[in-house]
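Please look over the sequence and the structure shown here before reading the briefing.

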Amino acid sequence: MSALQTFLLVVDHDKEEAKQIAERIAQDVETKKMTLIEVVQSLGEYINDEDPILRGKAVSYLTSVIKSLPPRFLSRQQIQVLTTFFCDRIEDGGAVAGLDTLQKLDRFNKALAEDVAQA
């Protein structure tokens with residue numbers, strides 16, 4: 001079972017285990033065992049599911065991974081792509097928390113803030 005699948009199963013009843021899963025994936029991204037693109041790609045079928053609860057959990061997984069990364073880890077380009085992604089998913093659970101996480105980063109700029117406001 002993938003980390004995402006495990007996260008989806010436990011996030012509602014064991015927040016601490018869900019957080020630990022996200023931290024392990026963030027560490028894999030940080031140590032280059034996995035790329036951020038691979039994390040996003042792993043959302044695959046879940047991010048487009050008809051069930052808004054499942055989509056929200058998938059977005060929450062990505063948000064949790066990003067929260068677990070060091071504050072200066074993401075490049076400006078990665079922040080921009082993630083901001084666009086979360087803005088496109090603004091109605092899904094976890095997207096607002098993802099945007100909140102990104103806006104706290106040093107590389108988040110005024111233009112991105114304007115995109116978020118429009119979303």
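The briefing below takes up the nonpolar core, the aromatic pairs, the pockets and a few individual residues.

The model is predicted. Its largest nonpolar core has 35 residues, and the structure holds 2 aromatic pairs. The largest pocket has a volume of about 190 Å³, while the second largest pocket holds about 160 Å³ of space.

**Nonpolar core**

- Within the largest nonpolar core of 35 residues, those with the most contacts inside it are Leu43, Tyr61, Leu62, Leu74, Leu82, Phe86 and Leu102.
- Helices α1, α2, α3, α4 (44-47), α5, α6 and α7 (95-103) each supply at least two residues of this core.
- As general background, nonpolar side chains in soluble globular proteins tend to be buried together.
- Tyr61, one of the core residues with the most contacts, has a relative accessible area of 3% and is therefore buried, the cut-off being under 20%.
- Leaving out residues up to four places away in sequence, Tyr61 touches Ala3, Leu4, Phe7, Ile21, Ile25, Val39, Ser42 and Leu43.
- Phe86, also among the core residues with the most contacts, is buried, with a relative accessible area of 0%.

**Aromatic pairs**

- The structure holds 2 aromatic pairs, and in one of them the ring centres of Phe7 and Tyr61 are 5.2 Å apart with their planes at 65°, so this pair counts as edge-to-face, for which the angle must be over 60 degrees.
- This pair links distant parts of the chain, since Phe7 belongs to helix α1 (residues 3-10) and Tyr61 to helix α5, 54 residues apart.
- Phe7 is buried at a relative accessible area of 1%, and Tyr61 is likewise buried at 3%.
- Phe85 and Phe86 form an edge-to-face aromatic pair, with 5.7 Å from centre to centre and 65° between the planes.

**Largest pocket**

- The lining of the largest pocket, whose volume is about 190 Å³, consists of Thr35, Leu36, Ile37, Val40, Gln77, Gln78, Val81, Leu82 and Phe85.
- Helices α3 (36-42) and α6 (76-88) each supply at least two residues of this lining, and α6 gives the most to it, with 5 residues.
- By class, the lining of the largest pocket divides into 6 nonpolar and 3 polar residues, with no charged residue.

**Second largest pocket**

- The second largest pocket, with about 160 Å³ of space, is lined by Phe7, Val11, Lys15, Ala18, Lys19, Ala22, Thr63, Ser64, Lys67 and Ser68.
- Helices α2 (15-30) and α5 (52-68) each supply at least two residues of the lining of the second largest pocket.
- The lining of the second largest pocket has 4 nonpolar, 3 polar and 3 charged residues.
- Phe7, listed in the lining of the second largest pocket, is also the residue whose ring pairs with that of Tyr61.

**A buried lysine**

- Lys57 lies in helix α5 and has a relative accessibility of 18%, which falls under the 20% cut-off and so counts as buried.
- Apart from residues up to four places away in sequence, Lys57 touches Phe7, Leu8, Val11 and Asp12.

**Residues in loops**

- Lys32 is found in the loop between α2 and α3, and at 69% relative accessibility Lys32 counts as exposed because the cut-off for that class is over 50%.
- The phi angle of Lys32 is near 65°, a positive value in a residue other than glycine.
- For comparison, most residues other than glycine have a negative phi.
- Ile90 is found in the loop between α6 and α7 and counts as partly exposed at 29% relative accessibility.
- Leaving aside neighbours within four places in sequence, Ile90 is in contact with Ala95, Val96, Leu99 and Ala119.
- Ile90 and Ser75 are 15 residues apart in sequence, and their C-alpha atoms are 22 Å apart in space.
- Asn109 lies in the loop between α7 and α8 (110-118) and is partly exposed, with a relative accessible area of 28%.
- The C-alpha atoms of Asn109 and Leu62 are separated by 21 Å, the two residues being 47 residues apart along the chain.

Key: Residues numbered from 1 in each chain as written. Predicted model: local features only at pLDDT ≥ 70, side-chain atom pairs only at ≥ 80, totals over all residues. Heavy atoms only, no water. 1 Å grid on protein atoms, 1.4 Å probe; cavity = no way out; pocket = protein on both sides within 12 Å on 5 of 7 lines; lining within 4 Å. Points joined across faces, edges and corners; volume = space filled by probe spheres on them. Helix = DSSP H or I, 4+ residues; strand = E, 2+ residues; numbered from the N terminus. Nonpolar A, V, L, I, M, F, W, Y, C, P; charged D, E, K, R; others polar. Phe/Tyr/Trp six-rings, centres within 6.5 Å; stacked < 30°, edge-to-face > 60°. Buried < 20%, exposed > 50% of the residue type's maximum accessible area, 1.4 Å probe, protein only. Core = buried A, V, L, I, M, F, W, Y, C linked by side-chain atoms within 4.5 Å. Contact = heavy atoms within 4.5 Å.
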